[in-house]
Amino acid sequence: MRNSRFLTRVCQIIDDLGWEPYQIDHEGSSGQFEFNFTYADALTMADRHVFFKYLCRSIAEEEGMRVTFMPKPFADKLGSGCHMHLSVWKGDENVFLDEGGELGLSTYGYRFLAGVLANAKALCAILCPTVNSYKRLVAAGWCPNKISYTGDNRSHMLRIPNPGRFEIRLADGAVNPYLNQAAVIAAGMDGVVRDLNPGKRCDLDGGSGEPADAEMLPLNLLDAVRELKKNESMRKEIGVD
């Protein structure tokens with residue numbers, strides 16, 4: 001595989017740094033890869049995110065390649081997301097975990113998830129921050145275009161793949177790593193404070209337009225910015241004003 005030397009060098013360096021990489025996937029488009037490494041606290045992960053992009057670009061240049069994290073670099077190929085798996089901890093306790101629950105997510109976790117859903121339109125302005133971002137947000141290629149959540153189904157905006165955590169599939173490769181973390185925390189805590197309920201999940205195929213009654217995400221960056229401007233809770237928590 002012509003990309004193997006590049007991938008091996010990146011993986012070796014982040015392993016030496018103690019990030020504990022455990023999986024590299026070849027995604028649906030030519031030369032498109034996903035790196036997975038062990039979770040850390042929000043600030044540490046944001047720092048790693050920044051360094052990872054710098055590392056990939058530096059090594060690619062040495063190998064005579066080009067790396068892009070552009071959300072949708074080719075119109076006829078899959079876009080590149082920046083999926084986040086998250087949980088909230090109190091000391092050594094994962095407060096998202098409910099081992100007796102159907103999907104293993106606690107009431108606190110569902111409230112946090114509901115906050116992300118409730119603020120999803122405003123979040124787009126931060127998690128999908130470029131004009132190009134909205135070329136990715138279409139109902140195809142395991143990418144969300146509606147506000148919905150599910151179990152282990154990659155076609156929705158949020159999914160609960162395992163007990164004690166959920167995944168946000170909204171952000172893309174252009175996102176600011178620090179604003180990404182801060183905005184998601186603000187949105188989730190809004191759900192906790194207001195005791196929100198996410199409603200019934202949808203396990204049908206999001207790529208087929210399900211759930212039919214779900215609200216659409218903004219279709220462009222201007223609409224997303226407008227949503228953020230009128231969302232007083234998000235503006236207050238992330239300091240837009």
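What is the volume of the second largest pocket? The second largest pocket has a volume of about 310 Å³.

## Basis of the model

This is a predicted model, in which local features need pLDDT of at least 70 and side-chain atom pairs count only at pLDDT 80 or more, while totals for chains, interfaces and linings use all residues. Residues are numbered from 1 along each chain as its sequence is written, and side-chain values use heavy atoms, with hydrogens and water left out.

## Pocket and cavity

Both terms are defined on a 1 Å grid over the protein atoms alone. A pocket is an open set of points with protein on both sides within 12 Å along at least five of seven lines, whereas a cavity is a set of points where a 1.4 Å probe fits but cannot get out; lining residues have an atom within 4 Å of a point. Grid points are joined across faces, edges and corners, and a volume is the space filled by probe spheres set on the points.

The second largest pocket, at about 310 Å³, is lined by 20 residues, of which Leu 117, Ile 147, Ser 148, Ala 214 and Glu 215 are the closest to its centre. The elements that give two or more residues to this lining are H3 and helix H4 (120–127). H4 gives the most, with three residues. Helices (H or I, at least four residues) and strands (E, at least two) are DSSP runs, numbered from the N terminus.

The count comes to one cavity of 30 Å³ or more. The largest cavity has a volume of about 50 Å³. Its lining consists of Pro 144, Asn 145, Lys 146, Ser 148, Ser 155, His 156, Met 157, Gly 206, Gly 209 and Glu 210.

## The four-stranded sheet

An open sheet is formed by four strands in the order E3-E8-E7-E6, with mixed pairing. Strand E3 (84–86) and strand E6 (149–150) are the edge strands, each pairing on one side only. Two strands pair if DSSP finds at least two bridges between them. E6 and strand E7 (residues 158–159) run parallel and are joined by two bridges; in E7, Arg 159 is the bridge partner of Thr 150.

Helix H3 (residues 107–118) lies across E3, E6, E7 and strand E8 (166–168), and runs at about 10° to E8. Contact means heavy atoms within 4.5 Å. Axes are lines fitted to C-alpha atoms, for helices over the stretch in contact, and angles run from 0 to 180 degrees between N-to-C directions.

E1 and E2 pair in the antiparallel sense over five bridges. Within E2, Phe 37 is the bridge partner of Pro 21, and Asn 36 is the bridge partner of Gln 23. The two strands form a hairpin with six residues between them, and Gly 31 in the turn has a positive phi of about 70°.

## Aromatic pairs

A pair of aromatic rings is described by the distance of the centres and the angle of the planes. Rings of Phe, Tyr and Trp (its six-membered ring) pair if their centres lie within 6.5 Å; planes under 30 degrees apart count as stacked, over 60 as edge-to-face and the rest as tilted. By this rule there are eleven aromatic pairs. Phe 37 and Phe 52 form a tilted pair, 6.0 Å centre to centre, with 50° between the planes. Phe 37 lies in strand E2 (residues 33–37) and Phe 52 in helix H2 (residues 42–62), so this pair ties together parts that are 15 residues apart in sequence. Relative accessible area under 20% means buried, over 50% exposed, and in between partly exposed (1.4 Å probe, protein chains only). Phe 37 counts as buried at 16% relative accessibility, and Phe 52 counts as buried at 11%.

Tyr 39 and Trp 89 form a stacked pair, 6.5 Å centre to centre, with 20° between the planes. Tyr 39 lies in the loop between E2 and H2 and Trp 89 in strand E4 (residues 89–90), so the pair ties together parts that are 50 residues apart in sequence. Tyr 39 counts as exposed at 61%, and Trp 89 as partly exposed at 41%. Ring pairs also link Trp 19, Phe 35, Phe 37, Phe 51, Phe 52 and Tyr 54 into a cluster.

## Positive phi in two loops

Glu 20 is not a glycine, although its phi is positive at about 60°. Glu 20 is found in the loop between helix H1 (4–16) and strand E1 (21–26), and is partly exposed, with a relative accessible area of 48%.

Asp 195 is a residue other than glycine with a positive phi near 55°. Asp 195 is found in the loop between helix H6 (177–193) and helix H7 (221–229), and is partly exposed, with a relative accessible area of 46%.
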